[in-house]
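Hello,

Here is the structure I promised to hand over. Please look through it first; my notes follow below.

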Amino acid sequence: MTYVTVEKINKSFKGQTVLHDINLSFKQGEFVTLLGPSGCGKTTLLRILAGLIDPEQGVIKIDGKDVTHVKAKDRKIGMVFQSYALFPNMTVAENIAFGLKMKKLDKAAIQKKVARMVELTGLSGKENSYPRELSGGQQQRVALARSIVTGPKVLLLDEPLSALDAQIRKNLQKQLRAIQKELNMTTVLVTHDQEEAMAVSDRIYILNEGYIAQSGTPHEIYTKPVNEFVARFIGNYNVFKGEELSLLTRGTEFPHKLYAVRPEAFTSQMIDNGLEIIGKVDKVMMLGNVTRYELFSNGVSVTAEHLHKSNEDIQEGTLKTLYIDKKDVISLA
Ligand SMILES: Nc1ncnc2c1ncn2[C@@H]1O[C@H](COP(=O)(O)OP(=O)(O)OP(=O)(O)O)[C@@H](O)[C@H]1O
Ligand SMILES: [Mg+2]
């Protein structure tokens, strides 16, 4: 059952359209990510969902109700912004309790809910600390606890992890997903980080310049990009013109205009009925678990990646033969 629908949302600033006919739909308990480069309209769309900005056109429904003209405070939406915006003069527990006090819940009920949130977000022992005494990751968890304690119908997260270092960020992604699942909370995350989107989402909408470029599960988006933008943005795909692929494979015909091939689809093992490319190795880079390099063949460059487990030695300047399965060559629109 659809829980949130966004129909034909349009928005412009100073005559410049930043969102074009946006349609979205989320199920209850779904974790949806809006993914796209800087300036593509993610925050604007999230703020329209929250009721902080009015769209020029379009309809937003939550739980069957048209909320397009409902004020932000009456939409039952929780929101976490990129800057934590905690109250500096309140403790962790007081920060989390804030929304419940506004709702005038009794003290015992507040204590119980706050204790549950503290436990859920792994902040036990920090209840009486002030924000300045916490790490960035802990502060972000307080912000999260504070926005979900009131039991919003939908949780909106605008790049909540982007200020954190990689390790903490990965940890918090896992925790966020676990909490979201446990509470079965419909959640919309905004991010420009494709790995983060892949890691946490049930479904991803990719935005480009105010348009939805593609939507689907992480698997669908990664394995079947529909156009050049998605292919380049999501998986470091090689994008080839048809004639470039013909040159690379010495004569095989590729009638489409554009094709995408994932770097890890190239292999050194021969493939039955596969395509063969012979070229010169260049720009070898060790990236931890994978080795990435370029192969030049007939004036065309290919980026290939292999898992770093093999004892295969990839040397710059040497000749190498790579194979690809034809099904890994994706035609783009
Ligand atoms: N209040 C405003 N007045 C005028 N233009 C605005 C306003 N808010 C956003 N814009 C413009 O709308 C476009 C989309 O902005 P938005 O903040 O939604 O992008 P974003 O996808 O969230 O980017 P980022 O990843 O950098 O946060 C940008 O070109 C921005 O300059
Ligand atoms: Mg933004």
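**A buried valine**

Val261 counts as buried because it has 23 C-beta neighbours inside 10 Å. The cut-offs are 20 or more other C-beta atoms within 10 Å for buried, 12 or fewer for exposed, and partly exposed in between, with C-beta atoms placed from the backbone.

Please note that this is a predicted model: local features need pLDDT of at least 70, side-chain atom pairs count only at pLDDT 80 or more, and totals for chains, interfaces and linings use all residues. Residues are numbered from 1 along each chain as its sequence is written, while chains are lettered from A and ligands numbered from 1 in the order in which they are written.

Val261 sits in strand E12, residues 258-261 (strands are DSSP runs of at least two E residues, helices of at least four H or I, numbered from the N terminus). Leaving out residues up to four places away in sequence, Val261 touches Tyr237, Asn238, Phe240, Ile324, Asp328 and Val329 (contact: C-beta atoms, placed from the backbone, within 7 Å). From Val70, 191 residues apart along the chain, the C-alpha separation is 46 Å.

**Domains**

The chain is assigned domain 1 (2-232) and domain 2 (241-332); the bounds come from an automatic or database domain assignment. Their centres, taken over C-alpha atoms, are 39 Å apart. Five residues from domain 1 and four residues from domain 2 make the contact.

**Ligand 1**

The residues around ligand 1 include Phe13, Lys42 and His192 (C-beta atom, placed from the backbone, within 6 Å). Helix H1, residues 42-50, gives the most to this shell, with three residues.

Best wishes

Definitions and conventions
Two residues are in contact if their C-beta atoms, placed from the backbone, lie within 7 Å.
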